Amino acid sequence: MADKGYLPKEKIKEFVEALGKDATVFAPCLEGDTIIFRQYTPDKEISLDRPANTPPKGAIYPQCETLLSFEFKKEADNPQKMDVELKVNTDFPKAVVFGGRPCDARGFTVIDRVFIDTDTADPYYKKRRENTTIVTKCCNGPVAGCFCVGVGGGPAVTEGSDVVMTEVDGGYYLEAVTDKGKAVMSLPMIQDGASYEAKAKAANEKATAAVRNPFPEGADKISAELFDSGDFWGNVIEKCLSCGACTFLCPTCYCFNITDEQAITTGDRIRSWDSCMFQHFTLETSGHNPRPAKHKRFRNRVGHKFYYYPEKYDGAIACTGCGRCIRYCPVSVDISEIVGYLRDPKADPKAWAAKKEDAKN
Amino acid sequence: MSTQKLKEIIKQVLPDVEAVICWQEGFDKLNVTPIFITSPEQAEKVVWNPLCAQNLASYLPSQKKKVAVAVKGCDSRTIVQYMQEGLIDRNNVVIIGIPCKGIISKKKVQKAIGNEPVEDVSFTEGSVKVKTPSGEKTFAIADVCPSKCTSCQYPTPIVYDQLTADPIQSDKPAESVYADVAELEGKTLEERKAYFLSQFDKCIRCYACRNACPMCVCQDSCIAETRDPHWITQKLSLDEKLMFHMIHALHLAGRCVECGECERVCPMEIPVAKLKKKINKEMKELFDYIPGVNPEDKPPMYIFNVDEAKIKEHKL
Amino acid sequence: MTGNQNPYLPELATVTKVIEETPNIKSFQVVFNDAEKMKNFTFEPGQVGQLSVFGVGESTFVINSPPTRMEYLQFSVMKAGEVTTALHGIYEGDVIGVRAPLGNWFPYNDMKGKNILFIGGGIGLAPLRTLILYMLDNRADYKDITIIYGSRTPPDLCYKDELKEWEERSDVNLILTVDNEFPGWTKRTGFVPTVLKEEAPKADDTIAITCGPPIMIKFVLEGLAELKFPEENIITTLEARMKCGIGLCGRCNLGHKYICKDGPVFSLKQLKELPSDE
Amino acid sequence: MSEVAPKELRIVGFLCNWCSYGGADTAGVGRFRQPTDLRIIRVPCSGRVDPMFVVRALLTGADGVLVSGCHPRDCHYTDGNFYARRRLEMLKRLLPFLGIDDKRFHYTWVSASEGAKWQQVVTDFTKQVHALGPMHQK
């Protein structure tokens, strides 16, 4: 099995269908004007032209997943007694995530640390992750809002991917990153790719150079003082609508909710994506809410990605710079700008001092 | 462009208000973002151009003090509707009206330039020039505007305290407003079903449409998220997505001011406003009511007539 | 809960006894349906469990029976929201789900040979009860034990039988208080923090452990500071909205610490080092 | 007409407590023969019927929904059914836009004394829904 291959553009469909022989393939499919990762079927149109609206996160970490099903059963000889039977399914099919971007693939590594590298690993995510091969398309260049190079990534990084493909000469240069990836390279439509390696490298370097880095060299420490300033957050986040677009489009956001949904004698306990931007996320039954105001919630989101997570995981940042939260934010909130303020060595909370009463509430 | 006039007005009203809500340049040249101006220096950051799509009036109900807000004609309908429903105190709002000849849909431009990063954007009368790494492209604003502009009836704000330029009259026929609804009505039941199901199937339930909607005033108490009452589950089935959009549409019956925010903000590009426009069309037909045009009106679902002229009993 | 188990899967358990503590608090004694699991179950005082009412949901409660008394696990539930209301509809013999033990525990070994001051309010006595009973079962290991406990009215006091027992013990100093005068109440009145200041226990060689409503904790911490208790000797057990109980779902964090997994027990010193939402 | 009785469908009826529920009762007491597809939910007033009740029912398994209240001007609460009329008419016009046949939803007024009318309404509406068949093809 070769580590390097070449796939002509016209063979993409054939390639994806071959990947789908013994696995479910999730690919970026064009629906109207939207590109969404969908379970691939031949009637769908794959689009690799731009990063999909949604990251492929849901392929391994579905937006809604049944943790367990329960069924109430009456004992025949003691009808007063109601028994409960629980069922769990972690028997997931093999899967391929095709056509995500390096930032999308890196997103899984962020979730891995939380969901797998712990003594209470999430068995659903873990099993799906093990069963999934990730074939990533490197970016030809940046799109609006993205900043992968600012958070340790790049348009051609391989972290999280099993195979990476770079667009060259009417096709794609493929490189296997892992053993899972090598298995992909043995598919018959993959041609020898060694001669394209240099061209791919050049293309990737060009792409990397074109991506913006919003953070100046050396500015990698969050100012704790500014981070704790209510005035700062009140000012930068006044426009936020508190919707969940940023978190639901994020390749690294993993916070979830668990709810029981019952239908008479049977039901499911489901785990669904939740958003720290929602007011009810931390709302306690008593009515007390540790993060009642949107700027506190936003602070937690930025803190989680750029402050708390790195503290816990050896400096790793829980953001891959895909730019979706910036691109699709209804009010154009730019997280990279906010982190830029926080990392500014000259950061001074007084500069943000209360111009308004509201910011303090 | 009346940007200079806008800045002057902002500086003039600033002493009387806690903040002036306006637009400034966003993370790139194709984006603008709201700014809450509290000092004259900040007023210099203000921009007014066809990229100023966001309806800033949406921020008004959550303001505790007197503020000023910049509104286009379409946005002003939001304020009128707030007045109808008693959601704001008109005395606490200074309205800076901006006559508008049409705005730009950022999504349409992005698509037209192949989603490349934008280096510069400039405007000439009726057109926009966008510079990207691969070159410059010029678009007529009429070609990249959101659909609401193609049938705009209110280019000049309906209510205002100050106006940045001379009023403009609409040159679009009134019938054009519901042309898109009529087009869908012309299709068969099955076609419409297929259309809406495929659209709502894209929904990720991020609630951006709800939170951006100026008339969705329940916000954090929305029944889409409460467990008691338990209207919808957290499951991601098409029925649940559809249910959410029906909640949104039905709660806006006769209240939707057609600002198009729900569609503008949808990250999955779902035509969220269609259901609400359909209801509005019926409200016009049944009760001769158009939301957000007359502060003295009452929303039709708040009132009734003992004898409804246009509602006939349905026969089986 | 470690190893290869599915951490989301509750153990089925039967409620063997329901005790009405106050008009809105009930205690539930539960036993795992799997006798083997019950026999092998271990936990530390202060650890919590998630109780499931299937079809309604899960909620977190402290295991308030001590590990020294393992015939059953006891949880006390104040009726407040969806799950707690459903739990209040549970009868003896009903089956619920239990995920336990979760979280950390009171550093009871570090407290050996010291004076212990418990300060509790309302249902906040529940986590303290575990430790109090544990310490009473190992009484020789600890010096003076003082308990200041208050509630709104006398009927709102939890664990009335035990309060009576502790009151009669000579090796426990129990101080009970209710917010206002109440017919038939002959003991102290006044808020817990006020009583704390009046009692003014010595800070030397004393560990203070407090749990109660947020407003009480706030003033108790102020009171303890006035009494010169060092921050590392003030221990509290926190509450937050929780879902997973294993540090994954992301809602109960204080900075990078999760109350459900890294907590719920923190010293004031630890808390001061974490970014707070307040 | 088929010889075989068609499979029963699920029709949900929201009936106001004061008129239509009484009308249904009158029909029952009078032993007027009615199809058995209807499941009745009693509500205090047709004004209590949120259009979302209808939508939720149709989306979660009902094949048809019937709402019935007091005749206009006869509302026990004076004007509940006047509000209902506006809301339900709006819904009636919205449903087909979404691709849901508006024949699956009917609203009408039946008084407590109109047992025969109730029989007619139920029979006709059930027929109408049966003509469309089940809403949810499984």
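Analyst: In this predicted model, the pair to begin with is A:Ile258, which stands opposite A:Arg271 of strand E12 in chain A. Strand E12 covers residues 266-273 of chain A and is joined to E11(A) by 8 bridges, the two strands running antiparallel. Around this pairing lies an open sheet of 4 strands in chain A, in the order E5-E4-E12-E11 and with antiparallel pairing. Strand E11 (256-263) and strand E5 (78-87) of chain A stand at the edges with a single partner strand each, so that one side of each has no neighbour in the sheet. Direction ignored, neighbouring strands of this sheet are turned against each other by 20° on average.

Of the 4 pairs of chains in contact, it is chains A and B that share the most contacts, and their contact takes 40 residues from chain A and 37 residues from chain B. On the side of chain B that touches chain A, strand E2 (32-37), helix H4 (106-112) and helix H9 (208-212) of chain B each supply at least two residues, and E2(B) gives the most, with 4 residues. By class, the residues of chain B on that side divide into 17 nonpolar, 11 polar and 9 charged.

Chain D stands in another relation to chain A, since the two chains do not touch and their nearest C-alpha atoms are 11 Å apart. Chain D does not touch chain C either, and for that pair the nearest C-alpha atoms are 18 Å apart.

Chain D can also be examined for its own fold. Its secondary structure comes to 4 helices and 4 strands, which follow the pattern β-α-β-α-β-α-β-α when read along the sequence. For its 138 residues a compact globule would have a radius of gyration near 14 Å, and the value for chain D, 14 Å, agrees with this. Taken along the principal axes, the C-alpha atoms of chain D fill a box of roughly 45 × 35 × 20 Å. Of the 138 residues of chain D, 51% count as buried, and among its contacts between residues at least 6 apart in sequence, 81% join residues at least 24 apart.

One helix pair shows how parts of chain D meet: the axes of helix H1 (residues 20-29) and helix H4 (residues 115-132) of chain D come within 7 Å and cross at roughly 95°. The helices H1(D) and H4(D) are therefore roughly perpendicular to each other, given that angles of 65 to 115 degrees are classed in this way. On the side of H1(D) the contact is made by D:Gly23, D:Ala24, D:Thr26 and D:Ala27, and on the side of H4(D) by D:Gly115, D:Lys117, D:Trp118 and D:Gln119. Sorted by class, this contact of H1(D) with H4(D) has 3 nonpolar, 4 polar and 1 charged residues.

Further along chain D, the loop between H1 and strand E2 (38-43) contains D:Thr36. D:Thr36 counts as exposed because it has 9 C-beta neighbours inside 10 Å, where the cut-off for an exposed residue is 12 or fewer. D:Thr36 and D:Leu9 are 27 residues apart in sequence, while their C-alpha atoms are 8.8 Å apart in space.

Key:
Residues numbered from 1 in each chain as written. Chains lettered and ligands numbered in written order. Predicted model: local features only at pLDDT ≥ 70, side-chain atom pairs only at ≥ 80, totals over all residues. Rg over C-alpha atoms; globule rule 2.2 N^0.38 Å. Buried ≥ 20, exposed ≤ 12 C-beta atoms within 10 Å, placed from the backbone. Contact = placed C-beta atoms within 7 Å. Pairing = 2+ DSSP bridges. Axes fitted to C-alpha atoms, helices over the stretch in contact; angles between N-to-C directions. Parallel < 35°, antiparallel > 145°, perpendicular 65-115°, else oblique. Nonpolar A, V, L, I, M, F, W, Y, C, P; charged D, E, K, R; others polar.
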